Amino acid sequence: MESPRTVPGAQAVARAAGLLRLVTAAGVDGAALHELARDAGLSRSTAHRLLTALRAEGLVDRDDESSRWMPGPELFLMGSVAAARYDVTALARDIVRSLAVKTEESAFFSVRRADETVCLLREEGAFPIRSFVLSEGVRFPLGVASAGLAILSFLPDHDVDAYLARHPELEGSWGRAHGASALRTRLAETKERGYAVNPGLIVEGSWGIGAAVFDRAGRPEWALSLTGVEFRFGPDRLADLGRTLLAHAHQLSARIASARR
């Protein structure tokens, strides 16, 4: 089998795919050309050329008034077909809603995609002050948000070692708390506790907790999480929230395993 580096056109495909991920991660408001070029590590001219080609195929679109780039109609059609194999949001939706109702916090369902998590579902809780760190389509590296920290904690040790070796930039991008040593400490604490805690490490004052959801083989492929303002996550309530979160995660793991037999 040919290495991806030797396949003709592989670099262009990789660049276009990277832009597609950035456009979808930007959500309904879309993203400006200079933002996409910066985040993709491309010149503005190269990014514009690739986006224009993707637009011609219907994979992205450009708002005429704002000039921002957004997901195109072909992505919806492709996603509808792929959902038959990969989508488990229908199984998770009522569990995410139950989690939001019982805790009154914002509840989320995320999926692992390579070295990232992608938020698939968001359900608002009744508490009027909310955190808006996470929404559908938003991506975070594993180990950064609580969902990814929960997933990474239950991967085999050699997978964790390989992930950290691939991503030495985490500390520089996300702060000292995401350096390898500090992250390994949080991973150990998460595994012992059963759920991950993010004490405002992404946005100050915005806390999150996450619990892994497993497939039939016991692999952590998804996560449920809660986010809210710091004073809602005090020590006494945090333990109650963690128990509720774990109960819902266990329920969803069992449901997914049963549905995929």
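Which residues does Tyr195 touch, not counting residues up to four places away in sequence? In this predicted model, local features need pLDDT of at least 70 and side-chain atom pairs count only at pLDDT 80 or more, whereas totals for chains, interfaces and linings use all residues. Residues are numbered from 1 along each chain as its sequence is written, and side-chain values use heavy atoms, with hydrogens and water left out.

With contact defined as heavy atoms within 4.5 Å, Tyr195 touches Thr190, Ile209, Gly210, Ala211, Leu238, Ala239, Gly242, Leu245 and Leu246. Tyr195 also belongs to the largest nonpolar core, which has 28 residues. Such a core is a set of buried Ala, Val, Leu, Ile, Met, Phe, Trp, Tyr and Cys residues joined through side-chain atoms within 4.5 Å; buried means under 20% relative accessible area, computed with a 1.4 Å probe on protein chains only. Phe109, Tyr195, Ile209, Leu224, Leu245 and Leu252 touch the most other members. Helix α10 (235-259) is among the elements that each supply at least two residues, and its seven residues form the largest share of this core. A second, separate core of 23 residues includes Val138, Leu155, Tyr163 and Leu164.

Helices (H or I, at least four residues) and strands (E, at least two) are DSSP runs numbered from the N terminus. Six strands, in the order β5-β4-β3-β8-β7-β6, form an open antiparallel sheet, where pairing requires at least two DSSP bridges between two strands. Strands β5 (139-141) and β6 (196-199) are the edges, each pairing on one side only. Four antiparallel bridges link β6 to β7 (residues 206-214), and Asn198 has Gly208 in β7 as its bridge partner.

Notes
Buried < 20%, exposed > 50% of the residue type's maximum accessible area, 1.4 Å probe, protein only.
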